[in-house]
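Please read them with the structure open.

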Amino acid sequence: MKIAFYTLGCKVNQYETQAIAETFERLGYEIVDFDQEADIYVINTCTVTNVSDRKSRQAIKRAKKTSPDSIVVVMGCYPQVYPQEVQKIEGVDIIVGTRDREKIVEYVTEYLKQKKKILAVNNEYKRDTFEELKISSFNERTRAFIKIEEGCEQFCSYCIIPYARGSVVSRSLSSILDEVQRLASNGYKEFVITGINISAYGKDLDYKVTLVDVIEEISKIEKVRRIRLSSLEPIVMKEDFIKRLVKIEKLCHHLHLSLQSGSDKILKLMNRHYTTDEYRQIVEMVRGYWNDVAFTTDIIVGFPGESDEDFERTVEFVKEIGFSRIHVFRFSPKKGTNAYNMPYQVNSAEKEKRSEILKSVARKLSFGFHKKFEGKIVDVLIEENSSLEGYFEGYSGNYIRTLVPKTESIRVGEIYKVKVKEAFEQYVIGDIIF
């Protein structure tokens, strides 16, 4: 039978989709592109914003339009939080939340026999064990994602994810290392440590192990060339943690350090557990060890109660920090979160205006960061053909998108030393040093 997958949202979802696809493949299913005719479609959803929900619904309709008689499986965060809403969508046959995903094959087998809709969503917040979904490769990817934990207990006032993913459960260190070893033996050189909140790794384990322990142990695996971290919470970045972190030679000099706002008033309303002064101190401490470090972040504009002055503080703060890249989001009120009914909601036009201002600032900061590397040598993992004809592209350790002229001797998936020639807002161009 033919099966197709569609993934929305984060790196964790990408990891989980790949693991489930491998399970079906081992059983003899043929994996095809989502736009092709298939017997089964699996849609791994996201529910971070209302736009994510809409995209999930559109994907369901696309699947049924392509193959009207197909089985449609909807899994992930959207059905976990809004199971009844998903159940009402025409064409959905199997509904699975963010648990028991290893049973999807069983659910498909059961549906094939009985032809009855299956709703399998566990709504308990507390989790006791990490659900193992093992991976041996990543289709069309040169970096390997390693999921080390599940769940979040932060309860930021704008975020639905704790309700979608439940409490924190950490993967055992031995299981993590086994997967890294397997993927490294299959040729992967860069490993992205991911999870719903990797900063919380280990808090639920009986034995003492933390995120930095995991990174140190992965770095000891000989075939691992680079380790990259997904989003970090500032509260984990204590002095002892930073001192250990910067000693790990294989760790990429790139930290995605979540900010969300440069206004202390708004940070408090968001239920974020740090101040801008504390954030500033973390950045200064890391830069004391790594002078080439890239800090990337997320910012929400138009949060309820954000005044013009609050927004200006954010703009000035991001300039002061000098982020290399900023993901700008307009606040989207999400039903079920504390921010949904907060007073002083910012109108759409103002959110759009602030978003464009901040994006403009972000582009200038990116260009300024890239400019510092003209004439310097960076290590680049070549990942794919560039949209710019005649070039390959990949990313440096500090997450600079780097383009190099194509030659027959360059291999995708290999790391090369590149001398940067010219900087632009979105990328740099350089030559490989053979």
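1. What share of the 434 residues of the protein chain counts as buried? The figure is 56%. Please keep in mind throughout that this is a predicted model.

2. Overall dimensions. A compact globule of 434 residues would have a radius of gyration near 22 Å, and the protein chain has 22 Å, so the two agree. Along the principal axes, the C-alpha atoms fill a box of roughly 65 × 60 × 50 Å. The accessible surface of the protein chain is about 20000 Å², with 47% of it belonging to carbon and sulfur atoms.

3. Make-up of the fold. The protein chain contains 13 helices and 18 strands. Among its contacts with a separation of 6 or more, 72% join residues 24 or more positions apart. Side-chain charges number 66 positive and 65 negative, and the centres of the two sets lie 1 Å apart.

4. An unreviewed UniProt entry lists residues 1-113 as "domain: MTTase N-terminal".

5. Asp 93. This residue sits in the loop between α4 (83-87) and β5 (94-96). Is Asp 93 buried or exposed? Its relative accessibility is 10%, so Asp 93 counts as buried, the cut-off being under 20%. Leaving out residues up to four places away in sequence, Asp 93 touches Lys 64, Ser 70, Ile 71, Val 72, Tyr 111, Lys 117 and Ile 118. Lys 117 is 24 residues from Asp 93 in sequence, yet their C-alpha atoms are 4.9 Å apart.

6. Lys 115. The loop between α5 (104-114) and β6 (118-120) holds Lys 115. Its phi is near 55°, a positive value in a residue other than glycine. Most residues other than glycine have a negative phi. Lys 115 is exposed, with a relative accessible area of 55%.

7. Gln 260. Here too phi is positive in a residue other than glycine, near 80°. Gln 260 lies in the loop between β11 (254-256) and α10 (264-269). At 7% relative accessibility, Gln 260 counts as buried.

8. Tyr 158. Which residues does Tyr 158 touch, not counting those up to four places away in sequence? Gln 260 from the previous point is one of them, and the others are Met 270, Arg 272, Ile 300, Phe 303, Phe 331, Lys 334, Thr 337 and Ala 339. Tyr 158 is placed in the loop between β7 (143-150) and α6 (161-165). Its relative accessible area is 13%, so Tyr 158 is buried. Between the C-alpha atoms of Tyr 158 and Val 48, 110 residues apart along the chain, the separation is 9.4 Å.

9. Glu 393. Strand β15 (residues 391-396) contains Glu 393, which is buried with a relative accessible area of 7%. Apart from neighbours within four places in sequence, Glu 393 is in contact with residues including Glu 383, Glu 384, Arg 401 and Thr 402.

Key. Residues are numbered from 1 along each chain as its sequence is written. This is a predicted model: local features need pLDDT of at least 70, side-chain atom pairs count only at pLDDT 80 or more; totals for chains, interfaces and linings use all residues. Side-chain values use heavy atoms; hydrogens and water are left out. Helices (H or I, at least four residues) and strands (E, at least two) are DSSP runs, numbered from the N terminus. The radius of gyration is taken over C-alpha atoms; the globule rule is 2.2 Å times the number of residues to the power 0.38. Buried means under 20% relative accessible area, exposed over 50%, partly exposed in between (1.4 Å probe, protein chains only). Contact means heavy atoms within 4.5 Å. Accessible areas come from the Shrake-Rupley method with a 1.4 Å probe; for residues, only the protein chains shown count as cover. Lys and Arg count as positive and Asp and Glu as negative; His and the chain ends are not counted. The place of a charge is taken as NZ of Lys, CZ of Arg, CG of Asp or CD of Glu. UniProt positions are given in the numbering used here, feature names are shortened, and annotations may be inferred rather than shown by experiment.
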